Each structure stands twice: as C-alpha cells, then as structure tokens.
Amino acid sequence: MSLSGLLKKRFSIRAFLDKPVPEEILKRIFTDARLSPSNCNVQPWQIYVVSGAKKNELKDKLVQAVMSGQAPNPDFNWKVSYKGVHRDRQFGSANALYSSMGIERSDKQARMVAMLQNWTFFNAPHALFFTMEKYLDIMGAVDMGIYAQTLTLLMTEHGISSCLQGALGQFPDPVRDFLNIPEERGILFGMSFGYADEKAVVNATRTEREPLENSVVFL
Ligand SMILES: Cc1cc2nc3c(=O)[nH]c(=O)nc-3n(C[C@H](O)[C@H](O)[C@H](O)COP(=O)(O)O)c2cc1C
C-alpha cells in the first residue's frame with residue numbers, strides 16, 4: 001500500500017483482539033523502524049515491548065499506582081494546559097472518543113473509567129514504552145516523535161493497530177522499577193498495539209483535521 005494509503009488507514013485503536021502479533025513480524029517492524037531519521041543520527045530511542053504475563057503484571061502495577069490517587073510525575077515536561085484553538089481541538093478529540101462510547105460529557109465517572117483503560121493498555125496483547133536519556137530533552141523528543149510515527153505506519157502496513165499514549169508516561173515509577181530502566185533514562189510516552197477488534201464501538205472514533213491553509217503557508 002502507498003504511504004498516503006497507509007496514512008488514511010491509520011486511526012487510534014482502543015480495543016483489541018486477544019491475538020498476539022507473531023514474533024517474526026514484530027522483529028521485522030522494529031528492524032525497519034530503525035531507519036527513522038534523527039538529529040545527527042543519534043537514534044535516541046530505547047524501546048521496551050511488553051507482552052503476555054509480563055504485560056499483565058505491569059498493567060496491575062500501573063492501575064494500582066493510578067488508583068492510589070498519587071499525582072502524575074512524568075519524567076519530561078508533559079503537563080501543558082492547552083489554550084485557544086488547541087484547547088478546542090483537544091475537546092473535539094475527547095468528544096469524538098466519548099460520544100463513540102456513548103458517554104455524556106457531564107458523566108465524569110464514566111469518563112474516568114474510560115480514561116483508566118489507558119493503563120490497562122486497552123487490553124491489547126502488547127504495550128511499549130518510548131524511553132530516551134533525560135538530558136536529550138526537546139531534541140530527543142523530536143526524534144522520538146518521528147520514530148513513533150514510523151512505527152505506527154509500519155504496523156499499519158502489517159495490519160496491526162495501535163494507540164500512542166501520553167498517559168503511559170504519566171506514572172513512570174512502577175514502569176521504571178518493573179523494566180529496570182536506569183534513572184538517567186526517561187519514559188516519554190507509550191503505545192498499546194495488536195489486532196483491532198473491529199466490532200468494538202470505541203474503534204469507530206474518528207477525529208478531524210484542519211484545512212490545509214490552517215497548517216501550511218506557501219510563499
Ligand atoms: C503523543 C501522543 C499521545 C497520545 N496520548 C493518548 C493517550 O494517552 N490516550 C489516548 O487514548 N490517546 C492518545 N493519543 C491519541 C490521540 O488522541 C489521537 O492520535 C488523535 O486524537 C487523532 O486521532 P487518530 O489517531 O485516530 O487520527 C495520543 C497521540 C499522540 C500522538
């Protein structure tokens with residue numbers, strides 16, 4: 001499939017089949033993802049993929065941390081309060097998600113339960129964490145974003161769906177402990193992935209994009 005075809009086929013998917021991705025396909029995808037460009041070719045990405053019993057164990061630890069009521073303490077500055085059009089678009093994406101799930105905006109409890117699914121990895125058979133050395137800061141984060149998009153498109157090419165998740169960087173402590181991630185390395189964000197459950201209503205969520213003139217100036 002062409003790249004523009006893959007881009008149109010990729011959506012964030014938040015319900016998965018109980019069917020792991022074969023190891024040889026995983027290895028192929030992550031081998032190809034190494035071709036992502038990065039500033040000065042530093043390749044800052046250190047990815048941790050968790051599956052099976054390990055993934056379930058980590059899920060329990062994460063849910064426990066979130067439910068304990070502790071405040072998020074991300075390794076990087078991931079606490080932006082969106083303003084203006086960004087806030088409007090943030091509301092737009094939340095509305096698209098919650099309305100596909102039949103959740104009213106006013107139903108805080110149902111929204112919290114839906115939000116919690118982030119840390120159960122939406123029941124995906126695999127989850128991963130994008131980590132990089134903390135000192136790299138914004139320069140590393142740019143490279144990591146490019147890598148993440150490369151990965152989602154490669155997965156799409158193999159019929160694998162995913163959801164990138166800032167939520168997976170919000171409570172880094174249990175993840176760091178469990179995966180033995182050194183202190184100098186930070187967890188930027190994560191991703192749940194696997195084969196989409198096409199029947200799940202949440203997977204009907206679709207977001208919109210601004211018209212071209214709102215994002216590009218041709219001179
Ligand atoms: C860096 C990043 C972090 C995200 N974090 C979350 C998240 O924590 N939970 C979630 O459900 N979706 C998350 N998303 C998915 C976005 O909400 C989604 O990409 C956006 O609404 C556009 O929808 P689409 O991916 O279906 O095109 C994230 C996406 C990106 C790129």
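**Close-up 1. The largest cavity of this predicted model and the residues around it.** About 30 Å³ of space lies inside the largest cavity. With a threshold of 30 Å³ or more, the count comes to 1 cavity.

**Close-up 2. The second largest pocket and the residues closest to its centre.** Here the space amounts to about 310 Å³. The second largest pocket is lined by 15 residues, and those closest to its centre are Lys9, Ile13, Ser161, Ala196 and Glu198.

**Close-up 3. Helix H3 packed with helix H7.** Two packed helices are described by the angle between their axes and the distance between those axes. For H3 (residues 52-67) and H7 (residues 172-179), the angle is about 150° and the axes are 9 Å apart. That angle makes H3 roughly antiparallel to H7, as angles over 145 degrees count as such. The crossing of the pair is right-handed.

**Close-up 4. Side by side: the residues where H3 and H7 meet.** From H3 come Lys54, Glu57, Leu58, Lys61, Leu62 and Ala65, while H7 brings Pro174, Val175, Phe178 and Leu179. By class, this contact has 7 nonpolar and 3 charged residues, with no polar ones.

How values were computed: Residues are numbered from 1 along each chain as its sequence is written. This is a predicted model: local features need pLDDT of at least 70, side-chain atom pairs count only at pLDDT 80 or more; totals for chains, interfaces and linings use all residues. Side-chain values use heavy atoms; hydrogens and water are left out. Axes are lines fitted to C-alpha atoms, for helices over the stretch in contact, and angles run from 0 to 180 degrees between N-to-C directions. Helices (H or I, at least four residues) and strands (E, at least two) are DSSP runs, numbered from the N terminus. Angles under 35 degrees count as roughly parallel, over 145 as roughly antiparallel, 65 to 115 as roughly perpendicular and the rest as oblique. A crossing is left-handed if the near helix is turned anticlockwise from the far one by less than a right angle, and right-handed if clockwise. Contact means heavy atoms within 4.5 Å. Ala, Val, Leu, Ile, Met, Phe, Trp, Tyr, Cys and Pro count as nonpolar, Asp, Glu, Lys and Arg as charged, and the others, Gly among them, as polar. On a 1 Å grid over the protein atoms alone, a cavity is a set of points where a 1.4 Å probe fits but cannot get out, and a pocket is an open set with protein on both sides within 12 Å along at least five of seven lines; lining residues have an atom within 4 Å of a point. Grid points are joined across faces, edges and corners, and a volume is the space filled by probe spheres set on the points.
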